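Visitor: I would like to learn how to read a protein model, feature by feature. Where do we begin?

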Amino acid sequence: VVSTQSTGAEYGDWFRIYKVPTGKPMNDFAYKGEWKNRDFANNVISETHGFWNALMSGQDTDIKTMNTSVQSSKGLVSVDEASGVLGSLPEKTCSGPPVDPSTQNQCFVSRTVPEKVCC
């Protein structure tokens, strides 16, 4: 019987080593790899939502927040106005940088040595 449930340590292990087969170093985690609780996560979400609300209301920012869907936003414009702005932009002439071939690799990492993943 194979379990379909994974533990946080398994996820942490994967995020730590997934780039290693392509020659990149292991990832480090914030907070010395210590798992944070629900209250910590909810606080981060609440704080980030507060920043987003401030941005959408135009408080203390020079960032353009033109949009067609946030009704309470100072940057709310009609779809026609947004289409006009987008239509006035120069045509994109560059297709972007070439894709690094190493990003196309698929690797399987077999854990042969048990080790503590998160401190």
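**Reading the chain**

Guide: Begin with the secondary structure: the chain has three helices and zero strands. Helices (H or I, at least four residues) and strands (E, at least two) are DSSP runs, numbered from the N terminus. Along the sequence the pattern is α-α-α. This is a predicted model, in which local features need pLDDT of at least 70 and side-chain atom pairs count only at pLDDT 80 or more, while totals for chains, interfaces and linings use all residues. Residues are numbered from 1 along each chain as its sequence is written, and side-chain values use heavy atoms, with hydrogens and water left out.

Visitor: What share of the 119 residues in the chain is buried?

Guide: A residue is buried under 20% relative accessible area, exposed over 50%, and partly exposed in between (1.4 Å probe, protein chains only). Here buried residues make up 13% of the 119. As for the surface, accessible areas come from the Shrake-Rupley method with a 1.4 Å probe, and for residues only the protein chains shown count as cover. The chain exposes about 10500 Å², and carbon and sulfur atoms supply 56% of that area.

Visitor: Which residues of α1 are buried?

Guide: They are G12, D13, R16 and I17. These four lie on the same side of α1, because they cover an arc of only 110° around the axis. The arc is that of the directions from the helix axis to the C-beta atoms.

Visitor: How do I read contacts between parts of the chain?

Guide: Contact means heavy atoms within 4.5 Å. Take contacts between residues at least 6 apart in sequence: 32% of them join residues at least 24 apart. T65 counts as buried, at 13% relative accessibility. Setting aside neighbours within four places in sequence, T65 is in contact with L55, M56, S73 and G75.

Visitor: How many aromatic pairs does the structure hold?

Guide: First the rule: rings of Phe, Tyr and Trp (its six-membered ring) pair if their centres lie within 6.5 Å; planes under 30 degrees apart count as stacked, over 60 as edge-to-face and the rest as tilted. The structure holds four such pairs. One of them is W14 with Y18, which is stacked because the ring centres are 4.6 Å apart and the planes are at 10°. Another is Y31 with F40, an edge-to-face pair with 5.3 Å from centre to centre and 85° between the planes. W14, F15 and Y18 form one aromatic cluster.

Visitor: Where does Y31 lie, and what is its phi?

Guide: Y31 is in the loop between α1 (8–17) and α2 (38–57). Its phi is near 60°, a positive value in a residue other than glycine. K32 is also in the loop between α1 and α2, and the phi of K32, near 55°, is again positive in a residue other than glycine. K32 is exposed, with a relative accessible area of 73%.

Visitor: Which ring has the charged end of K36 over it?

Guide: A charge sits over a ring if NZ of Lys or CZ of Arg is within 6 Å of the ring centre and within 35 degrees of the ring normal. K36 lies over the face of Y31, at 4.6 Å from the ring centre. The charged end of K36 also sits over the ring of F40, 5.3 Å from its centre.

Visitor: How many salt bridges are found?

Guide: A salt bridge is a side-chain nitrogen of Lys or Arg within 4 Å of a carboxyl oxygen of Asp or Glu. The search of the whole structure finds one. In it the side chains of E34 and K36 meet, at 3.3 Å from N to O. E34 is partly exposed at 49%, and K36 is partly exposed at 34%.

Visitor: How far apart are D28 and R16?

Guide: Distance can be read along the sequence or in space. D28 and R16 are 12 residues apart in sequence and 6.7 Å apart in space, C-alpha to C-alpha. D28 is in the loop between α1 and α2, and D28 counts as exposed, at 75% relative accessibility.
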